[in-house]
Amino acid sequence: MSVQRPHIEPGRLFIAGEWREAEAGGRREVVDPSTGKVVATVAEADQADLDAAVAAAREAFDEGPWSRTPARERSRVLHRVGELVRERADEIAAVESLDVGKPVTLCRAVDVETAAETYEYYSALAQSLDGVTRQIPIPAHAYTRRDPVGVCGLITPFNFPLILSSSKLAPALAAGNTVVHKPAEDTSLSALLMADILTDAGVPAGVVNVVTGGAAVGGALLRHHSVDKIAFTGSTRIGRVVAGTAGQQLKPVTVELGGNAPHILFEDADMEKAVGAVIKGFVYNTGQFCMGAPRLLVHSSLHDTVVGILTQAVPGVPVGDPFDPATVVGPMAGERHLENVERYVELARKDGGQVVVGGERLELGGGYYYRPTVITGLDNDARTVQEEVFGPVLTVQSFDTEDEAVALANSTAYGLAAGLHTADLARAHRVAARLEAGIVWVNDWAMLDPSMPFGGVKQSGYGRESGPEALQEYTKTKSVVISLA
Ligand code: NAD
């Protein structure tokens with residue numbers, strides 16, 4: 001039986017602890033990707049609203065109490081956030097599912113669970129924000145402090161709204177910062193829900209501000225002189241703008257950008273397990289996954305067998321209504337994403353690729369569905385291989401030697417995630433070391449945890465989220481040296 005779709009009240013901005021309409025009265029429609037119908041509206045902020053949000057965050061940082069609250073107290077509040085996320089898990093999952101088109105069952109098990117775990121993890125780490133003492137060769141007591149950076153501007157993308165806002169908010173708050181969060185314009189509902197939860201958990205007014213809107217308000221946040229740090233997750237194209245603007249202002253920035261991960265299947269791999277991981281790697285979140293694996297590199301001796309298995313198995317993956325608990329693949333998050341995937345598959349056909357599975361829309365309830373698709377026979381320089389398609393599309397290429405596999409794996413501009421399947425432990429370590437990626441998985445895909453840092457190399461950006469490394473991004477180190485002479 002399907003889970004009921006939630007009713008969504010009109011969304012407002014959350015500034016200085018209050019819910020407000022946008023000053024100019026702007027509103028934006030929220031579309032359910034599984035039906036194409038408008039289900040709600042959210043406020044569309046402009047410069048005046050952004051100024052108010054930054055002013056609230058500035059005042060909350062400069063006047064306290066959050067930035068001066070003992071870390072142990074901040075830790076208690078963050079732990080409570082995790083508890084409240086769990087208490088309201090069904091509601092959050094349903095809202096996120098409606099907004100993004102994610103299967104509600106997976107959303108509950110992965111997105112909501114990860115958000116709760118992320119707050120719990122940084123609740124614990126908040127208590128270990130220690131400096132160090134150093135022995136220096138003069139009579140002095142020398143130590144370091146780790147202070148919060150200040151007002152952080154958080155800009156997040158459409159595909160994992162809840163997880164990616166949590167992976168920024170939790171370390172930012174643990175370190176004592178205040179924030180202005182601008183979620184993606186087409187999927188901002190869970191950010192508004194989280195503002196409510198953070199307040200209920202005890203985060204004081206002004207510490208977290210949420211402004212909904214598009215590129216204009218994102219740009220205004222980026223350029224604002226009262227914002228001390230920017231954490232951006234999104235496309236490489238916009239990431240360049242973000243890094244450039246932050247660079248001009250000498251503002252610390254992390255840019256978590258696009259990906260196009262390779263999935264290498266060596267001849268000694270556990271085939272059954274590997275093929276399961278390959279399918280998960282390209283259909284998960286309807287392929288709208290920066291760490292998804294759209295490029296399968298398979299040893300030439302296994303190529304035809306693996307393509308045969310994929311041809312049998314992929315059409316059996318349940319695609320459908322995200323509110324049906326049996327669904328594994330939902331719709332794309334919006335019409336523009338669907339059209340983008342269609343363009344790339346057409347391009348692959350023109351470039352001589354053979355579409356062996358899928359390759360077309362699935363007409364279902366007016367939603368933005370695309371059938372999981374497998375394409376063989378493309379050259380490595382084909383755009384569908386080299387660029388980020390960001391949909392449920394897998395290209396298959398073959399290799400003969402380990403060196404060739406690594407060269408193909410590293411041949412795109414991106415370097416976010418990579419994976420390999422082998423029974424040879426030495427090869428696993430050897431190849432993992434040579435893959436140009438921020439995270440490498442061996443013998444499965446997407447083994448993620450709030451304690452394990454992730455982020456990019458090359459055009460996938462710089463900076464790390466998750467783990468103690470993320471806390472580093474939200475603190476600045478100060479050396480203090482006290483003369484003992
Ligand atoms: P996008 O770059 O279009 O937008 C991301 C965010 O930036 C949105 O909130 C958007 O409103 C805002 N924005 C747009 N123009 C801006 C500007 N000029 N100044 C400031 N902000 C601006 O990305 P998207 O389509 O929402 O997300 C998909 C992309 O994100 C993919 O490339 C995907 O790989 C990437 N992504 C990366 C990671 C990671 O961890 N590296 C995680 C998820 C998604």
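# Helix packing, pockets and backbone details

User: Hi! At what angle do helix α3 (residues 89-100) and helix α6 (residues 189-201) pack?
Analyst: Happy to start there, with the reminder that this is a predicted model. The axes of α3 and α6 are 9 Å apart. The two helices pack at an angle of about 155 degrees.

User: How do α3 and α6 then lie to each other?
Analyst: Their angle is about 155 degrees, and angles over 145 degrees count as roughly antiparallel. The relation of α3 to α6 is therefore roughly antiparallel.

User: How many charged residues does the contact of α3 with α6 have?
Analyst: On the α3 side we find E91, I92, V95, E96 and D99, and α6 brings L189, S190, L193 and I197. By class, five of these residues are nonpolar and one is polar. The number of charged residues is three.

User: Let's move to helix α2 (residues 71-87) and helix α4 (residues 104-126): how far apart are their axes?
Analyst: These helices pack at an angle of about 165 degrees, which makes α2 roughly antiparallel to α4. The distance between the axes is 8 Å.

User: Is the crossing of α2 and α4 left-handed or right-handed?
Analyst: Residues that α2 gives to this contact include L78, V81 and V85, and those from α4 include V112, A116 and Y119. By class, the contact has 11 nonpolar, four polar and four charged residues. As for the hand, the crossing of α2 and α4 is left-handed.

User: What about helix α9 (residues 271-283) and helix α10 (residues 303-313): at what angle do their axes cross?
Analyst: The axes of this pair come within 11 Å. They cross at roughly 55 degrees.

User: Which element gives the largest share of the lining of the largest pocket?
Analyst: This pocket holds about 1,100 Å³ of space, and G234, S235, R237, I238 and R336 are the closest to its centre among 41 lining residues. The elements that give two or more residues are α7 (215-223), β10 (229-233), α8 (236-248) and α11 (335-350). The largest share, six residues, comes from α8.

User: How many charged residues are in the lining of the largest pocket?
Analyst: By class, the lining has 20 nonpolar residues and 12 polar ones. The charged residues number nine.

User: What is the volume of the largest cavity?
Analyst: The count comes to three cavities of 30 Å³ or more. The largest one is lined by 15 residues, with G287, F289, G292, P294 and F390 closest to its centre. The lining divides into eight nonpolar, six polar and one charged. The volume of the largest cavity is about 90 Å³.

User: How many residues line the second largest cavity?
Analyst: About 70 Å³ of space lies in this cavity. P262, Y414, G415, A417 and E436 lie nearest its centre. By class, the lining residues are nine nonpolar, five polar and two charged.

User: Turning to the backbone, is the peptide bond from G64 to P65 cis or trans?
Analyst: P65 sits in the loop between α1 (47-63) and α2. Most peptide bonds are trans. For the bond from G64 to P65, omega is near 10 degrees, and the bond is cis.

User: One last thing: what is the value of phi of A16?
Analyst: A16 has its place in the loop between β1 (13-15) and β2 (18-20). Most residues other than glycine have a negative phi. In A16 phi is positive, with a value near 55 degrees.

Definitions and conventions:
Residues numbered from 1 in each chain as written. Predicted model: local features only at pLDDT ≥ 70, side-chain atom pairs only at ≥ 80, totals over all residues. Heavy atoms only, no water. Axes fitted to C-alpha atoms, helices over the stretch in contact; angles between N-to-C directions. Helix = DSSP H or I, 4+ residues; strand = E, 2+ residues; numbered from the N terminus. 1 Å grid on protein atoms, 1.4 Å probe; cavity = no way out; pocket = protein on both sides within 12 Å on 5 of 7 lines; lining within 4 Å. Points joined across faces, edges and corners; volume = space filled by probe spheres on them. Nonpolar A, V, L, I, M, F, W, Y, C, P; charged D, E, K, R; others polar. Parallel < 35°, antiparallel > 145°, perpendicular 65-115°, else oblique. Left-handed = near helix turned anticlockwise from the far one by under 90°. Contact = heavy atoms within 4.5 Å.
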